[in-house]
Amino acid sequence: MTDQDAARGLDGVPAESAAGFAAVPDAFQRLWTPHRLVYIESGQQPDDDACPFCRAPELDDEQALIVARGTHAYVLLNLFPYNSGHLLVCPYRHIGLYDEATAEEVAEIGALTQTAMRVLSETSGCQGFNIGMNQGRIAGAGIAAHLHQHIVPRWALDSNFFPIIAGTKAVPRLLGEVRDEIARAWPSDSPQ
């Protein structure tokens, strides 16, 4: 590979050096993903009457990938997981933002999140978690109209070249298998 080849991106377009950019250089490496712009600009938001998080509780738990149901919120597997065991905690009510949740919904979302962390630690041996909510379409919420919190289990060696170079994420277990294992391990005395 020549220096000229190395200065080109994957699409063959010359890469631009950041040396002359404004601002102070920092320790962060940037992974530019311009292919995501189509998703960001047009989104993949369903119509309000086709909300998957409103529909899921109407289905059988196995079909909807629900692992636990509470009074005000429920827990299900993410259909497009970042890692095996990637869970979502959703209120039953169709609200878009955290500040629209009642005190009871907030408390149960928190309690279900804590239980999910314990169950995932027990069932998968994960060593950490990413937990968060993307609030609104502009913030990257995949389903912006219905509040949901992500719980992503993490392991020391779960990051590798696949997602970065090959644009591929290896998820080694089937969703149904993971759902069954988590649902079986969910304590019967958890908030319900």
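**Figure 1. Pro52 sits in helix H3, which covers residues 52–55.** The model shown here and in the views below is predicted. Pro52 is partly exposed, with a relative accessible area of 35%. Ile143 is 91 residues away from Pro52 in sequence. In space, their C-alpha atoms are 8.3 Å apart.

**Figure 2. The protein as a whole has 7 helices and 5 strands.** Along the sequence, these elements follow the pattern α-α-α-α-β-β-β-α-β-β-α-α. The protein has 192 residues, and 31% of them are buried.

**Figure 3. Leu65 lies in the loop between helix H4 (61–64) and strand E1 (66–69).** Leu65 is not a glycine, yet its phi is positive, at about 65°. The residue counts as buried, because its relative accessibility of 10% falls under 20%.

**Figure 4. Tyr74, in strand E2, is buried with a relative accessible area of 0%.** A polar atom of the Tyr74 side chain lies 2.6 Å from the backbone oxygen of Phe53. Phe53 is also among the residues that Tyr74 touches. Others include Ala56, Pro57, Ile66, Ala68 and Arg69. Further along the chain, the list takes in Leu88, Val89, Cys90, Pro91, Tyr92 and Leu112. These contacts leave out residues up to four places away in sequence. Thr113 is 39 residues from Tyr74 in sequence, and the two C-alpha atoms are 9.9 Å apart.

**Figure 5. Asn78 occupies the loop between strand E2 (73–77) and strand E3 (87–91).** A polar atom of its side chain lies 2.8 Å from the backbone nitrogen of Phe80.

**Figure 6. Cys90 and Cys126 are both buried.** Cys90 has a relative accessible area of 0%. For Cys126 the value is 10%. How many disulfides are there? The count comes to 0. The nearest cysteine sulfur to that of Cys90 belongs to Cys51, 8.1 Å away. Cys90 is in no disulfide, because a disulfide needs two cysteine sulfur atoms within 2.5 Å.

**Figure 7. Thr113 lies in helix H5 and is buried, with a relative accessible area of 7%.** What does Thr113 contact beyond its neighbours within four places in sequence? The partners are Val89, Ile131, Gln149 and Ile151. Leu88 is 25 residues from Thr113 along the chain. Their C-alpha atoms are separated by 8.8 Å.

**Figure 8. Gln149 belongs to strand E5, which covers residues 149–154.** Gln149 is buried, with a relative accessible area of 12%. Its side chain makes a polar contact of 2.6 Å with the side chain of Thr113. Gln149 is also in contact with Leu87, Leu88 and Val89. Ile109 is another contact of Gln149, and so are Ile131, Gly132 and Met133. Neighbours within four places in sequence are set aside here.

**Figure 9. Helix H5 (residues 103–124) and helix H7 (residues 175–185) have axes that come within 10 Å.** The axes cross at roughly 115°. The crossing of H5 past H7 is right-handed. Which residues meet where the helices touch? From H5 come Val119, Leu120, Glu122 and Thr123. H7 supplies Glu181, Ile182 and Ala185. The residues of this contact divide into 4 nonpolar, 1 polar and 2 charged.

Terms used
Residues numbered from 1 in each chain as written. Predicted model: local features only at pLDDT ≥ 70, side-chain atom pairs only at ≥ 80, totals over all residues. Heavy atoms only, no water. Helix = DSSP H or I, 4+ residues; strand = E, 2+ residues; numbered from the N terminus. Polar contact = N/O pair within 3.5 Å; in protein donor to acceptor, adjacent residues only side chain to side chain. Buried < 20%, exposed > 50% of the residue type's maximum accessible area, 1.4 Å probe, protein only. Axes fitted to C-alpha atoms, helices over the stretch in contact; angles between N-to-C directions. Left-handed = near helix turned anticlockwise from the far one by under 90°. Contact = heavy atoms within 4.5 Å. Nonpolar A, V, L, I, M, F, W, Y, C, P; charged D, E, K, R; others polar.
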